[in-house]
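Please consult the sequence and structure shown here.

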Amino acid sequence: MGTDSVSLGRLSRALLAIRRYGPWLNSNGGRVDDLVAVSLLSVDVPPAAAIGLLDTSAAEFSRLLTELGSDRDLAEETQPWSDDWAGWRLWTELMALPGVGATTASKLLARKRPRLRPIYDSVVATVIDSHDIWEPLRRLLTEQNDIHLRLLHLREQAGLTDAVTALRVFDVIAWMEGKGAS
């Protein structure tokens, strides 16, 4: 049985867990709409990973998201993060899910904390010339606050609402740059 092969019984169990825990799940828990949302960003969450997020490891992910705290702007994170910071531990747990790589993990985490986590993919990595985006971008935004303000200004010029975070503006600009879009 491969990582993408999941028995119908296990999938049914996960779907029942959604009903059972549905009222309990919030911005700190995995939800089906999180999986749908990231699938709209051209990634697929493998079935075994979805079961982990929604059922078998749901309590651990919820605990780490709670420990991470509420969403906040990356530009306001002035202190360097230690290795035991909840965000790094959450990242490690997401990356340990079967079939989940950096792109999917970043999109899942960005779904839960959109103002705190940038989206990573190979296009963005090429544009920024790094496979590490989170900490370098945090340092840049805290050291040069005008960049964060410019991203917010671009959002306003584009006629977007506050629901679109400065990081999503950055993600789109970096991705468009990498794809040669104008």
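## Overall fold

The model is predicted. The chain contains 10 helices and 0 strands, giving the pattern α-α-α-α-α-α-α-α-α-α along the sequence.

Of the 182 residues in the chain, 41% are buried. The chain exposes about 10,000 Å², of which carbon and sulfur atoms supply 55%. Among contacts between residues at least 6 apart in sequence, 64% join residues at least 24 apart.

## The buried face of helix H2

Helix H2 spans residues 32-39, and Asp34, Leu35 and Val38 are buried within this helix. Viewed down the axis of H2, the buried residues fall within an arc of 100 degrees, so they line one face of the helix. The cover over these buried residues includes helix H3 (47-56) and helix H6 (102-112).

## The largest nonpolar core

The largest nonpolar core has 40 residues, and Val45, Leu53, Leu74, Leu90, Leu94 and Leu141 touch the most other members. Helix H10 (residues 166-179) provides the largest share of this core, with 5 residues. In soluble globular proteins, nonpolar side chains tend to be buried together.

Apart from its neighbours within four places in sequence, Leu141 is in contact with Leu74, Ala75, Ile147, His148, Leu151 and Leu167.

## A nonpolar patch on the surface

Val32, Val36 and Leu40 form a nonpolar patch on the surface, and together they have about 280 Å² of accessible area. Val32 lies in helix H2. With a relative accessible area of 36%, Val32 is partly exposed.

Key:
Residues are numbered from 1 along each chain as its sequence is written. This is a predicted model: local features need pLDDT of at least 70, side-chain atom pairs count only at pLDDT 80 or more; totals for chains, interfaces and linings use all residues. Side-chain values use heavy atoms; hydrogens and water are left out. Buried means under 20% relative accessible area, exposed over 50%, partly exposed in between (1.4 Å probe, protein chains only). Helices (H or I, at least four residues) and strands (E, at least two) are DSSP runs, numbered from the N terminus. The arc is that of the directions from the helix axis to the C-beta atoms. Contact means heavy atoms within 4.5 Å. A nonpolar core is a set of buried Ala, Val, Leu, Ile, Met, Phe, Trp, Tyr and Cys residues joined through side-chain atoms within 4.5 Å. Patches are made of residues with over 30% relative accessible area and no salt bridge: like charges are joined within 9 Å, nonpolar side chains (Val, Leu, Ile, Met, Phe, Trp, Tyr) within 5 Å. Accessible areas come from the Shrake-Rupley method with a 1.4 Å probe; for residues, only the protein chains shown count as cover. A salt bridge is a side-chain nitrogen of Lys or Arg within 4 Å of a carboxyl oxygen of Asp or Glu.
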